[in-house]
Amino acid sequence: MDTNDPTAAATPSVRFDAALVSRYDGRGPRYTSYPTAVQFEERFTAARYSNLARKSNATGRPLSLYVHIPFCRSLCYYCGCNKVVTRNADRVRRYLECLREEIRMQAPLFDTARTVEQLHFGGGTPTYLDDGQLADIMEWLSADFRLAGGEREFSIEIDPRSTHDETIDRLAELGFNRVSLGIQDFDADVQRAVNRIQSPTDVVRLVEDARRCDYRSVSFDLIYGLPRQSVASFDRTLDLVIDMQPDRLAVYNYAHLPERFKGQRMIREADLPSPRQKLDILKHSIEKLIDGGYVYIGMDHFALPRDGLVQAKANGTLKRNFQGYSTHGGCDLVSLGVSAISNIGTSYAQNAVSTIEYEQLIAAGSLPIKKGLVVDADDQIRAAAIHDIMCHDGVDMHAFGERHGVDFQDYFASELARLEPLLDDGLVELTADRIQVTPQGRLLLRNVAMVFDRYLSAGQSDRRFSRAI
């Protein structure tokens, strides 16, 4: 790491404490939103959403667009995403026709003066679509929304197995300037165990193409805890990754839930690393990436010192949304496609989670929204506290109170009492004016944030959430 980089120096350190991680490895939200999607209600209608979207125009806030492409050509056994494994071209065509109609219904709700500063294609596998289909979607969005030029963040998730030599060039021509590559693991035995075979050579080619085309950022997704993984095997993957120098890395925990995700039933439980081995892989990954020049952002995210996430972490502008950590705040999020979640002002709205129902609602001339929520004043205050913990490793209680018109210590008196065990265990430090997450607590941000979650405090089951580590 460049020790002369002031942004890198300003980011807090992280320390792996195996005993603490084991003690707090329960289930909890990832807090890409608060309240979480578990709280969304079916009484929130498409008509309610439309009304709130039109009212949001008074703010003049810029827009962020998310487009969900659910299709995959083959099943990755570990995957828990909303996806459709198919090679049926007619099914894809029907979905894209419905996506076009949804764009036509959504766009008139927003003033044309509101610029789209951020765009993300997720999946599934967005590069399942051919160049012409991707170009069609971008043309539809350009026709109905005002896409920003210059300073914008347009990103797309890429499966290295579903690309060709011109893919990166073509995506750049369409306006994308960030790419995220699903790697998971380079080890051949692990790849066979999860049915995802891809060579490091292909990934190197894609990274080199992205650099040649002046993409602003290249990010990799890795997963620890997969079958047949070990510290030694994942170390070899990390060597390859560090040599390729992606700007950002997400190192996710594999959650084995075969009762929820049928594909995971193809994984032999005997092949999974033990809980102890899994923690060893995580510890080694953190140490290796930091030694390799990466800065720990929070949760499962790392970035090189030159990356905007590190700068945002250092200057206090880091945000968190449905795509994880982000440098873009202050946008209303309009999400398109099956299961996609929009965030307009203080409301959330989620589309139907099955492609069949999504297409039926579109065919009936309705926005495909099935549930959502309007956030009340208490939730907004709690969301702000959780955001500060997740993005800034703590809360300045005095400044927070002035911003939100509350006396923090009075408003959160019971929560501060519930922080005591975390204080005793060294996850946080408490002064007269600040809650500060410690280096060993940074791996357990979710646990600190959960103290301020009123729904969990009410005794709600946490089985729908993943484990913290």
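Predicted model: local features only at pLDDT ≥ 70, side-chain atom pairs only at ≥ 80, totals over all residues.
1. Leaving aside neighbours within four places in sequence, V231 is in contact (heavy atoms within 4.5 Å) with D280, I281 and H284. V231 lies in helix α9, residues 231-244. Helices here are DSSP runs (H or I, at least four residues) and strands are DSSP runs (E, at least two), both numbered from the N terminus. V231 is partly exposed, with a relative accessible area of 31%; buried means under 20% relative accessible area, exposed over 50%, and partly exposed in between, for a 1.4 Å probe and protein chains only. V231 and K283 are 52 residues apart in sequence, and their C-alpha atoms are 9.3 Å apart in space.

2. Residues are numbered from 1 along each chain as its sequence is written, and side-chain values use heavy atoms, with hydrogens and water left out.

3. The contacts of V231 belong to a helix pair. Two packed helices are described by the angle between their axes and the distance between the axes. The axes of α9 and helix α10 (residues 275-291) come within 10 Å and cross at roughly 25 degrees. Axes are lines fitted to C-alpha atoms, for helices over the stretch in contact, and angles run from 0 to 180 degrees between N-to-C directions. α9 is therefore roughly parallel to α10; angles under 35 degrees count as roughly parallel, over 145 as roughly antiparallel, 65 to 115 as roughly perpendicular and the rest as oblique.

4. The crossing of α9 and α10 is right-handed. A crossing is right-handed if the near helix is turned clockwise from the far one by less than a right angle, and left-handed if anticlockwise. On the α9 side the contact has V231, F234, D235, L238, D239 and I242, and on the α10 side D280, I281, H284, S285, K288 and L289. By class, this contact of α9 with α10 has six nonpolar, two polar and four charged residues. Ala, Val, Leu, Ile, Met, Phe, Trp, Tyr, Cys and Pro count as nonpolar, Asp, Glu, Lys and Arg as charged, and the others, Gly among them, as polar.

5. Helix α4 (residues 89-106) packs with helix α12 (residues 355-363) at an angle of about 50 degrees, with the axes 10 Å apart. α4 and α12 are therefore oblique to each other, and their crossing is left-handed. From α4, R91, R94, Y95, C98, L99, E101, E102 and M105 meet T355, Y358, E359 and I362 of α12. The contact of α4 with α12 has six nonpolar, one polar and five charged residues.

6. In α12 the buried residues are T355, Y358, E359 and I362. Seen down the axis of α12, they fall within an arc of 90 degrees, so they line one face of the helix; the arc is that of the directions from the helix axis to the C-beta atoms. The face of α12 turned away from the buried side carries the exposed residues I356 and Q360. Elements covering the buried residues of α12 include β3 (84-85), α4 and β16 (347-351). Just after α12, G365 takes a positive phi of about 80 degrees.

7. α4 also packs with helix α5 (residues 131-144): the axes come within 10 Å and cross at roughly 10 degrees. α4 and α5 are therefore roughly parallel to each other. V92, L96, L99, R100, I103 and R104 of α4 make the contact with Q133, I137, W140, L141 and D144 of α5. By class, the contact of α4 with α5 has seven nonpolar, one polar and three charged residues.

8. Some backbone details are worth checking in the loops. The peptide bond from Y34 to P35 is cis, with omega near -5 degrees, and P35 is found in the loop between α2 (18-23) and α3. The peptide bond from G123 to G124 is also cis, with omega near 20 degrees. Q245, a residue other than glycine, has a positive phi near 55 degrees and is found in the loop between α9 and β9 (248-253). D393 is not a glycine either, and has a positive phi of about 60 degrees. Q245 counts as partly exposed at 28% relative accessibility, whereas D393 counts as buried at 2%.
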